[in-house]
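Hi,

Here is the structure I promised to pass on.

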Amino acid sequence: MKKEVPMAICFILAVLYVVANYFTGSKFITTLKTTLDDWFLIVTAWAVLVGTVNLTQIHGRRIRAKREGYVFSAWLLACLYGMMLVSILIFRSANAIGWKFMYNQLIAPMNATVYATLVFYIGSAAYRSFRMRSLEATILLVTAVVMMLGRVPLGRMLLGGRPYLGQMADWILSVPNSAGMRGIQIGACLGGLATALRIMLGIERGHLGGTGE
Amino acid sequence: MTILKTYVFAFWVEMIFLASLITMILRARQGVKVPAVYKVAGLDAMDEAIGRCTEMGRPVHFSPGIGDVQNAQTLAAMSILGYVAKQCARYDTDLIATNRNIIVYPISEEIVKQAYSEVGKPDNFKIENVRWISDDQFAYATGVTGIMYREKPAANILVGAFWAESLIFAEVGANAGAIQISGTANTHQIPFFVAACDYCLIGEELYAASAYLSKEPVLLGSLVAQDWGKMVGVILILVGTVLASVKNPWLKNLLSK
């Protein structure tokens, strides 16, 4: 029963969503879909509470045991509850100046900083991948050099102002790269559709726990 | 009720695909031989990666990506998590499963908990090893980076829907010396995973993982329907190429119905 009931609910709701997404003209189904979407939002909001409890448990234990780096755990909990309490008790709205300040001056720059570190990760990944250890790696290296030089003025300058490298880069992007990407996309779309149908029919139960071994 | 405009072709394609899927499943249930599935190195390496962690006494890190629960990639990742959790439970290896999506987190927890129960070791399940880090993409990336540096997992399994954080995870895992298995259907992230990881499940291989790992004939049978779909796709591309070359818009009009 522990698996059969969720599977039955999953099948009924999946059929409902398929009908709601493909068909028009039934007010009942549209209303039901809107109601279910609202339920999903409510469940998500409550799930945040579950996640917060999990974070508090993990970092609370770390602080109590004074494990290495416990100061960072304390800082994390202070920020988590600090932002939450200040938002609920003082700002009370996402439009409040103070809340906007905290978001725009703290969270946004921190996000941008982490995003910016990608530059270094790209550099180190490229160094490891582009070493000429095999024929494939050599092709990758040559393609990457053409792509990079084709995208910057230096490439044009090296060829005395001729745009050949840029044209080659455009061709690589729009012909072999697009062909490869679309092949993968077609396979992935069919795979996604098959997975969705397997879940809908209750054949795939991995998300309910266990692999059916 | 009528089918929405521009959705007619997609609806009938889905129905035909569903019918072929059911046919293959019924054939597999009747005991008709299922064709062999080609070797997927990334999935075969799962046991090797977990074994490495067991030998080294270090944990396995698993991330189902940052997609939400409606994303088929996340659900495929959950199936892989079930397998990984079971193997980790069998060999008494710690599994750190990190989550970004708040709805995916309790599902992950339940899957890991059930895996420990299924192998008869429910007491070995550590609730603190299934973690929700943050709902924010880069806060999650930072949290995982911290875990990789502090807890030094010997295997890093990244399967699911990934976006810009994919390379951060993969590079940090490489720096931590972990054996890395990744998989995503997000085409723009595949090159990053291919460049930085030891094994990569490309596109549909991710969705075939549960069938491949469980070796259930019914699930393997459903993969055949996928292959039929690909063949139809190839035929449509060829016919479309010929028709577009002679400026015949018949197929284009049919697809956009």
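Predicted model: local features only at pLDDT ≥ 70, side-chain atom pairs only at ≥ 80, totals over all residues.

Chain B has an open sheet of 6 strands, and if you walk across it the order is β4-β3-β2-β5-β6-β7, with parallel pairing. At the edges you'll find β4(B) and β7(B) (199-202); each has a single partner strand, so one side of each has no neighbour in the sheet. On average, neighbouring strands here are turned by 15° against each other, ignoring direction.

At the β4 end, β3(B) and β4(B) run parallel and are joined by 3 bridges. If you want a spot to look at, B:A97 has B:V130 in β4(B) as its bridge partner.

**Strand β6.** Is β6(B) mostly covered or mostly open? Covered: 6 of its 6 residues are buried. In a regular strand, side chains alternate between the two faces of the sheet. In β6(B) both faces are covered, with B:I179, B:I181 and B:G183 buried on one side and B:Q180, B:S182 and B:T184 buried on the other.

β6(B) pairs with β5(B) in the parallel sense over 5 bridges, and B:G183 in β6(B) is the bridge partner of B:V159. To get from β5(B) to β6(B), the chain passes through helix α6(B) (residues 166-175), making a right-handed β-α-β crossover.

β6(B) also pairs with β7(B), again in the parallel sense, over 4 bridges. There, B:I181 has B:Y199 in β7(B) as its bridge partner. The chain goes from β6(B) to β7(B) by way of helix α7(B) (residues 190-196), and this β-α-β crossover is right-handed.

**The helices by the sheet.** α3(B) lies across β2, β3, β5 (155-161) and β6 (179-184) of chain B, and runs at about 165° to β2(B).

Then there is α4(B), residues 104-118: its 15 residues reach 21 Å from first C-alpha to last, close to the 21 Å expected at 1.5 Å a residue. Its buried residues include B:V104, B:Y105, B:I107, B:I111, B:V112 and B:Y116. What covers them? The cover includes α2 (27-64) of chain A, along with β2 (60-65), α3 (72-90), β3 (95-99) and β4 (130-132) of chain B. Just after α4(B), look for B:G120, which takes a positive phi of about 80°.

Cheers

Key: Residues numbered from 1 in each chain as written. Chains lettered and ligands numbered in written order. Helix = DSSP H or I, 4+ residues; strand = E, 2+ residues; numbered from the N terminus. Expected span 1.5 Å × (residues − 1). Buried ≥ 20, exposed ≤ 12 C-beta atoms within 10 Å, placed from the backbone. Contact = placed C-beta atoms within 7 Å. Pairing = 2+ DSSP bridges. Axes fitted to C-alpha atoms, helices over the stretch in contact; angles between N-to-C directions. Right-handed = clockwise from strand over helix to strand, strands pointing away.
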